[in-house]
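Subject: Handover of a structure

Dear colleague,

Please find the structure below, followed by an account of what was found in it.

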Amino acid sequence: YLAWPGWGRRWWNEKEPGRYMELVNTEGAARSGGERLSKDEAELEALMLGLRLVDGIKKTGFERRFGKSPAGSLCREGLIDRGLIRDTGENIALTEKGILFSNEVF
């Protein structure tokens with residue numbers, strides 16, 4: 001997990017292709033907006049993005065950053081009980097069923 005001031009930042013690029021190219025050529029980047037994340041937003045993003053990885057979410061990194069286990073949030077959603085998420089000891093990851101139903105998970 002990256003260490004940013006606060007809980008992190010999210011940004012987005014210009015959507016219109018002509019303006020995107022103009023910004024890249026004149027400013028070196030096409031960023032059109034951004035925002036700081038709250039702790040809850042950062043936690044949700046870490047869960048969603050981490051579960052997209054084959055190995056899933058490294059529990060120690062998540063616990064260090066948010067002060068709690070990723071399994072707690074996922075248990076509340078019933079994802080472990082439904083067999084969509086597995087705890088490998090070191091990581092929390094999607095099961096084969098979880099991969100098939102990942103739209104439901106995310």
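Phe66 has a relative accessibility of 4% and therefore counts as buried (buried means under 20% relative accessible area, exposed over 50%, partly exposed in between, with a 1.4 Å probe and protein chains only). The model is a predicted one, in which local features need pLDDT of at least 70 and side-chain atom pairs count only at pLDDT 80 or more, while totals for chains, interfaces and linings use all residues. Residues are numbered from 1 along each chain as its sequence is written, and side-chain values use heavy atoms, with hydrogens and water left out.

Phe66 and Phe62 both belong to helix 3, 4 residues apart, or about one turn of the helix. Helices (H or I, at least four residues) and strands (E, at least two) are DSSP runs, numbered from the N terminus. The ring centres of Phe62 and Phe66 are 4.7 Å apart and their planes stand at 45 degrees, so this pair is tilted. For such pairs, rings of Phe, Tyr and Trp (its six-membered ring) must have centres within 6.5 Å; planes under 30 degrees apart count as stacked, over 60 as edge-to-face and the rest as tilted. Phe62, at 0% relative accessibility, also counts as buried.

The whole structure holds 2 aromatic pairs. Trp7 and Phe66 form a stacked pair, with 5.7 Å from centre to centre and 10 degrees between the planes. This pair links distant parts of the chain, since Trp7 lies in the segment before strand 1 (9–13) and Phe66 in helix 3, 59 residues apart. Trp7 counts as partly exposed because its relative accessibility is 29%. Together, Trp7, Phe62 and Phe66 form one aromatic cluster.

Helix 3 (residues 59–66) also meets helix 2 (residues 39–51): their axes come within 11 Å and cross at roughly 175 degrees. Axes are lines fitted to C-alpha atoms, for helices over the stretch in contact, and angles run from 0 to 180 degrees between N-to-C directions. The two helices are therefore roughly antiparallel (angles over 145 degrees; under 35 is roughly parallel, 65 to 115 roughly perpendicular and the rest oblique). Helix 2 contributes Lys39, Ala42, Glu43, Ala46 and Leu47 to the contact, and helix 3 contributes Phe62, Arg65 and Phe66; contact means heavy atoms within 4.5 Å.

Elsewhere, Val54 is placed in the loop between helix 2 and strand 3 (57–58). Val54 counts as exposed because its relative accessibility is 75%.

Yours sincerely
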